[in-house]
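Subject: Structure handover

Hi,

Here is the structure we spoke about. Please load it before reading on.

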Amino acid sequence: SRSRSRKNDPISIRKSNSSSMAQLEMLIFISIVQRMTNTVAGHDIGLFLMQERVSFGHRLVPEGDMFDKLVRNRLSQSVHDRSDSSVRLEVDTTSPGVWNPTPDCETPRLWLLIHGDYRMFQQTANGLARMAHTASGGCFLAVAVMSKQDTSVGDSLLELQHGAFSGHLAFAVVKAAGNSKQQHVSLGLPQTGSWFVPMGGGSSLFSGMVRIAHRVDSAEQSATQVDARVTDDHLWHALAVCTEAAAQVLPLTASPYSAVLRIRSDMQVGDSTLELDGVTKYFREGQRGHHLMFAGFPHGADSFLLTSYEGYKTDIGLAYEQHPDIARSNGHGNGWSTAVGSHTAEACTNRSTSEQQSPCLMTAMEVDVPWSSLQKNQVAPKIAARVPEVIDPARVAHLCCPLHQPGFVEINEPHGSQWNMLLEVKAAGRKMFKSNSTVSLISNGQITEAWPVGC
């Protein structure tokens, strides 16, 4: 680990608008008073924040804060956009959290990446923190990226950082900015060639409202509409950016073999146990360790995606900046299982070791996840005590392969001793093969590499 130690540094929060410290201090004070009765993980977080109020002023990180700077610099560029628009993320608030290394836990064994609705996160945070703690032996760091739905998002994440995650939560609040594809609509105004301000005025990047001022020429009556919004692509890329930034500024050296679990904020994990020993061993020693991922069934990869730190960093995070199509395929849990034609050359398995340092299409597997999704306006139910279910992706998962590959001539034909039969299924509108029975990457403590031909 790094020689420098910042384990006693206070948790910091960075607001993008620092022009008026007095106003910000007043908003923080009001927010704290409003939350005096809130309880997170059994602690009176309102009282905690009130006690910390006297020293909170110096906790506002200066402009040069490294975490904030790293996140803003990478997210300021327009990336992964399919259309003619140029949409980027604008960072509102950031905080790197804290990391207290110990001899038994110098670097996270598990990185828990969380995206989605912050209100849902308020209800599921305790369960997610417990699950991560159990899976990693208490050696985890959470990273959350949430869109700025309202002014309460940053305060909510700060409370969860202090409460449910005991400081081990880095986060960023973002919003979409930039110009999107122009659309022309008739304004029904007299023929003229002057500037005007529409009645009601105002502009919203999220609602797609008409911009404040437009020029109406006699030849064409039109207005430009803006439809910039935060997408899954934005959030999944931002999670990679924030994870790497946290690894740089906190007193830790990220292991490429650490597990990364990306999860949606509305997932209720219950008492299920996530077993990481097998996948971590394969990430470290297996042939495809840096380029292997597991998507959750039945909710999909947007709710559960498990891979290695190196895999998420390169094949998803960096891929969004260099090869967006590769990033989307990996981000949605398909990897090269839905690749066709020339795209099969982008598979990590078809590249030399040196080429695999650049983004490529990952090997995709699927694991059954017995978690449920919390619906809007639903209160998280109290789960009755029961024997926890164990999710062990390295020992119980399905393999997903491209449809048009050598060796896959007939559906349900056996391919390899341990893979049994491959079943034709549809994913994201494309066909692929998925093993009919679950398979194992670890047998008697040893790694197995009996991959079918062409997969």
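This is a predicted model: local features need pLDDT of at least 70, side-chain atom pairs count only at pLDDT 80 or more; totals for chains, interfaces and linings use all residues.

Disulfides first. Searching the whole structure gives 2 of them. One joins C105 to C139, with an S to S distance of 2.0 Å. This pair links distant parts of the chain, 34 residues apart. C105 sits in the loop between β4 and β5, and C139 in the loop between α4 and β6. The link of C105 and C139 is right-handed, with 90 degrees about the S-S bond. C105 counts as buried because its relative accessibility is 12%, under the 20% cut-off. C139 is buried too, at 1%.

The other disulfide is formed by C348 and C360, sulfur atoms 2.0 Å apart. Both cysteines lie in the loop between α9 and β15, 12 residues apart. The link of C348 and C360 is right-handed, at 100 degrees. C348 is buried at 4%, and C360 at 0%.

C400 is buried, at 4% relative accessibility.

Now helix α6, residues 232-249. It has 18 residues and spans 26 Å from first C-alpha to last, close to the 26 Å expected. Of those residues, 16 are buried, so α6 is largely enclosed by the rest of the structure.

Last, T363 in strand β15. T363 is buried, at 2% relative accessibility. Its contacts beyond four places in sequence include R288, H291, W336 and W451.

Best wishes

Technical notes. Residues are numbered from 1 along each chain as its sequence is written. Side-chain values use heavy atoms; hydrogens and water are left out. Helices (H or I, at least four residues) and strands (E, at least two) are DSSP runs, numbered from the N terminus. Buried means under 20% relative accessible area, exposed over 50%, partly exposed in between (1.4 Å probe, protein chains only). Contact means heavy atoms within 4.5 Å. The expected span of a helix is 1.5 Å times one less than its number of residues. A disulfide is a pair of cysteine sulfur atoms within 2.5 Å.
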